[in-house]
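The following explanation begins with a single side-chain interaction and then widens to the whole chain. Please keep the sequence and the structure in view while reading.

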Amino acid sequence: KQWYQRRVVITAGASAEGEDQLDRTCMFCNEHNDDFNAETLDVHFWKACPMLRRCGICSQVIEISGTTTHLLTECDAQDKFTSCDTCKLAKPVAGPHSCSGEPKPNEALCPLCFEVWKVGMEP
């Protein structure tokens, strides 16, 4: 299962055959690097992108914002997680859960630390 899609742009000087060039910008964190190519983007996704992380259960690279969806529907151990009725984040079926309560409309809960963030707030 592919966990990301590459954005492809056609350069202004593309040939009649429509040669494509990989976009040199990470689609997750918007980092631009002229050295990005298919291989270096993959390395960036696995090791450097601040918007991605490895799942601690199955080691798949996931978007941090999609942690709950991953744990509940995609992870190899999805049967070990359920959705918290209050905060809506994934929680272990058995074990402790640090619930911060239901977020207000202008707030979001971090799926990693369970802290409340105001929309638009910078880390």
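The side chains of Thr25 and His32 form a polar contact of 2.9 Å. A polar contact here is a pair of N or O atoms within 3.5 Å; within protein, one atom must be able to donate a hydrogen and the other to accept it, and residues adjacent in sequence count only if both atoms are side-chain atoms. Thr25 itself belongs to the loop between β2 (20-22) and α1 (38-48). With a relative accessible area of 17%, Thr25 is buried, a class that covers values under 20%, while exposed means over 50% and partly exposed lies in between (1.4 Å probe, protein chains only).

The model is predicted: local features need pLDDT of at least 70 and side-chain atom pairs count only at pLDDT 80 or more, whereas totals for chains, interfaces and linings use all residues. Residues are numbered from 1 along each chain as its sequence is written, and side-chain values use heavy atoms, with hydrogens and water left out.

The overall architecture comes next. The protein has 2 helices and 8 strands, in the order β-β-α-β-β-α-β-β-β-β from the N terminus. These elements are DSSP runs, helices being H or I of at least four residues and strands E of at least two, numbered from the N terminus. Of the 123 residues, 26% count as buried. Among contacts between residues at least 6 apart in sequence, 14% join residues at least 24 apart, a contact being heavy atoms within 4.5 Å.

Helix α2 contains His70, which is buried because its relative accessibility is 0%. Beyond its neighbours within four places in sequence, His70 is in contact with Cys55, Cys58, Gln60, Ile62 and Cys75. For one of these residues, Gln60, the C-alpha atom is separated from that of His70 by 9.4 Å, at 10 residues along the chain.

The second largest pocket is lined by 15 residues, and Arg53, Thr67, Leu71, Phe81 and Pro111 lie nearest its centre. Two or more lining residues come from each of α2 (67-74) and β6 (90-92). A pocket is an open set of points on a 1 Å grid over the protein atoms alone, with protein on both sides within 12 Å along at least five of seven lines; a lining residue has an atom within 4 Å of a point. By class, the lining of the second largest pocket comprises 10 nonpolar, 3 polar and 2 charged residues; Ala, Val, Leu, Ile, Met, Phe, Trp, Tyr, Cys and Pro count as nonpolar, Asp, Glu, Lys and Arg as charged, and the others, Gly among them, as polar.

Methods. 1 Å grid on protein atoms, 1.4 Å probe; cavity = no way out; pocket = protein on both sides within 12 Å on 5 of 7 lines; lining within 4 Å.
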